[in-house]
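Here are a few notes to read alongside the coordinates. I hope they are handy while you have the viewer open.

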Amino acid sequence: MSAVAKENAAVPPGTAAVRPGAGDDSIHITIRGLSKKFQDVVIYDNFDLDIPRGKFVSVFGPNGCGKSTLINMIAGLTPIDAGTILFGGKTLKETKIGYVFQNYREALFPWLRSFENIAYPLKLMQVPKAERRAKVERLVEHMGVKIDLARYPYELSGGQMQLVSIMRSLVVDPEVLFLDEPFSALDYEMTLFMREQLQRVFYETRTTMVLVSHDLEEAVYLADRVLLLSRRPARIADYALAPLARPRTDATLSDPQFVQLKGHCLEIFQREVRKS
Amino acid sequence: MKRDAFLPVVGVIGLIAVWYVAVWIKVVDPVLLPSPGATFTALAKGMAGGALAVDFLRTVERTGYAIAIATVFAVPVGIVLGSSERLYRSVEFVIDFFRSTPASALFPLFLVVFGVGDKTKILVGSFAAALGILFNVAYGVMHARKTRLLAARVMGASRLRVLTDVLLLESLPQTFVGLRSGVSIALVIVVVAEMFIGSQDGLGHAVFEAQQLFRMPEMYAAIFAAGALGYGLNLLFLLVEKRFVHWSGK
């Protein structure tokens with residue numbers, strides 16, 4: 001199948017400034033032989049993927065191809081039918097992960113104040129109260145967040161809620177952070193602001209991040225690698241490198257390298273969409 | 001805005017005005033419809049240390065027991081049923097059937113089993129309230145936000161923690177819907193039960209006795225007392241809900 005492109009083979013000449021070995025960054029998540037069916041529909045069939053450590057991977061693909069299912073399976077929210085998923089050789093249970101949901105309103109606990117929401121994962125880990133407080137306060141200061149965290153989530157704006165929910169996922173210093181279309185319910189202004197926040201967190205913590213996005217510009221803008229999936233059963237259509245300098249800014253959006261990479265991804269995406 | 005706060009008073013004044021006029025032009029036999037003055041005098045006298053106050057408190061007590069027993073039974077069972085969709089589906093018909101059965105139809109049965117004392121009145125009230133509460137609790141648990149449960153799980157919460165930290169709280173708004181309707185039903189049943197043979201007190205008894213003795217102001221006074229009680233109980237639950245389930249509907 002031509003849809004299964006070799007790692008760097010599909011990267012266009014413009015992005016070929018990449019060293020041949022760049023795809024071999026120390027691997028963080030190893031997925032082998034992953035299979036998943038919903039009823040009788042095959043979503044993944046013997047799927048292999050490596051996610052590099054400390055890199056930002058964006059997942060992009062046609063509707064219903066199983067982008068969210070992929071990160072949900074890696075994060076243990078959706079059971080897998082077959083295959084193995086390891087985090088640097090460790091199982092999910094031995095790995096600290098964070099997960100940011102698209103629907104922040106339903107992901108946060110409305111009976112807890114925002115501060116307590118952020119501290120909740122620490123409570124689950126039986127961190128003493130004073131330490132929880134200190135930890136959340138450090139994170140809030142570090143993020144430069146100016147939200148009244150004594151408020152309940154439903155008293156905040158959409159962007160503020162998602163910020164609280166991102167902080168809740170970061171407070172445990174996760175090894176991997178999963179984000180499922182985290183900004184798609186926000187208005188454009190807020191989305192741009194949140195992108196910058198996320199980029200800064202990534203830049204400073206170098207946490208491995210896996211983002212599912214339906215916005216190609218966002219996917220490429222944030223990513224070190226863009227994983228393009230085919231229609232189901234999902235295969236890797238391309239796993240393009242995005243070697244653009246960080247921090248990325250508005251200028252990045254008009255950088256020829258960015259434009260070319262985005263065009264390349266769009267081309268592959270449309271090729272996959274037409275294949276139906 | 002400020003003037004709108006007085007809007008509810010308009011209906012009350014209107015009703016009393018119509019009542020006065022009806023008494024004044026004698027559309028209804030004065031024996032059947034006493035004047036508002038006579039009625040409210042009877043209400044005030046009865047409630048200020050009179051017999052009506054005793055009846056009122058007895059009804060409050062029975063309704064309180066009924067709702068307490070119903071809650072203690074229905075909330076845990078509702079949680080268990082709600083946490084397994086298959087389990088709930090298998091008993092859904094039975095619950096819906098008895099939830100739809102007028103509890104008053106069970107009086108004779110309860111009378112035979114528990115006798116004519118307080119037990120029967122309280123237990124029929126509990127029965128009537130329990131199924132509604134149970135249904136609402138189970139519904140609340142079943143319709144807990146999926147994302148919220150996943151969020152707790154992905155943060156590493158055990159099954160028990162998901163139950164105590166998320167499911168229980170998720171079902172609270174719906175539980176209160178059940179409690180409020182439950183307390184109304186329980187009051188209805190308790191008041192009807194108090195009209196039955198062997199009753200010595202309670203608002204139902206007060207209404208019934210006043211009617212038998214043709215003491216109409218007292219009868220209307222007891223009816224108003226029962227109305228105030230029903231309204232007050234509903235208000236009480238609303239206030240408790242607002243205080244403890246502040247996120248309800250948000």
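What percentage of the 276 residues in chain A is made up of buried residues?

1. Buried residues account for 54% of the 276 residues in chain A. Please keep in mind that this is a predicted model.

2. On overall dimensions, a compact globule with 276 residues would have a radius of gyration near 19 Å, and chain A agrees because its own value is 19 Å. Along the principal axes, the C-alpha atoms of chain A fill a box of roughly 55 × 45 × 30 Å. The accessible surface of chain A is about 12,300 Å², and carbon and sulfur atoms contribute 51% of that area.

3. Next, the fold of chain A. Its secondary structure consists of eight helices and nine strands. Of the contacts in chain A with a separation of 6 or more, 72% are between residues 24 or more positions apart.

4. Helix H5 of chain A deserves a look. H5(A) covers residues 158-170, and its 13 residues reach 18 Å from the first C-alpha to the last, close to the 18 Å expected at 1.5 Å a residue. H5(A) is mostly covered, with twelve of the 13 residues buried. Among them are Met161(A), Leu163(A), Val164(A), Ile166(A) and Met167(A), but also Gln162(A) and Arg168(A).

5. Staying in chain A, Leu156(A) sits in the loop between helix H4 (129-143) and H5. Leu156(A) has a relative accessible area of 8%, so it counts as buried, the cut-off being under 20%. Not counting residues up to four places away in sequence, Leu156(A) touches Met161(A) and Val164(A), along with Ser114(A), Ile147(A), Asp148(A) and Arg151(A). Both Met161(A) and Val164(A) are listed among the buried residues of H5(A). As for Ala107(A), its C-alpha atom is separated by 14 Å from that of Leu156(A), and the two are 49 residues apart along the chain.

6. Over to chain B: Thr59(B) belongs to helix H3 (residues 51-83). Its relative accessible area is 0%, and therefore Thr59(B) is buried. Leaving aside neighbours within four places in sequence, the contacts of Thr59(B) are Leu187(B), Val190(B), Val191(B), Glu194(B), Gly202(B), Leu203(B) and Leu229(B).

7. Finally, the surface of chain B. Which residues make the nonpolar surface patch of about 810 Å²? They are Val21(B), Trp24(B), Ile25(B), Val27(B), Val28(B), Val31(B), Leu32(B) and Phe214(B). One of these, Ile25(B), is found in the loop between helix H1 (7-24) and helix H2 (36-47) of chain B.

How values were computed: Residues numbered from 1 in each chain as written. Chains lettered and ligands numbered in written order. Predicted model: local features only at pLDDT ≥ 70, side-chain atom pairs only at ≥ 80, totals over all residues. Heavy atoms only, no water. Helix = DSSP H or I, 4+ residues; strand = E, 2+ residues; numbered from the N terminus. Expected span 1.5 Å × (residues − 1). Buried < 20%, exposed > 50% of the residue type's maximum accessible area, 1.4 Å probe, protein only. Patch = residues over 30% accessible without salt bridge, like charges linked within 9 Å, V, L, I, M, F, W, Y side chains within 5 Å. Areas by Shrake-Rupley, 256 points an atom, 1.4 Å probe, with all protein chains shown as cover. Salt bridge = Lys/Arg side-chain N within 4 Å of Asp/Glu carboxyl O. Rg over C-alpha atoms; globule rule 2.2 N^0.38 Å. Contact = heavy atoms within 4.5 Å.
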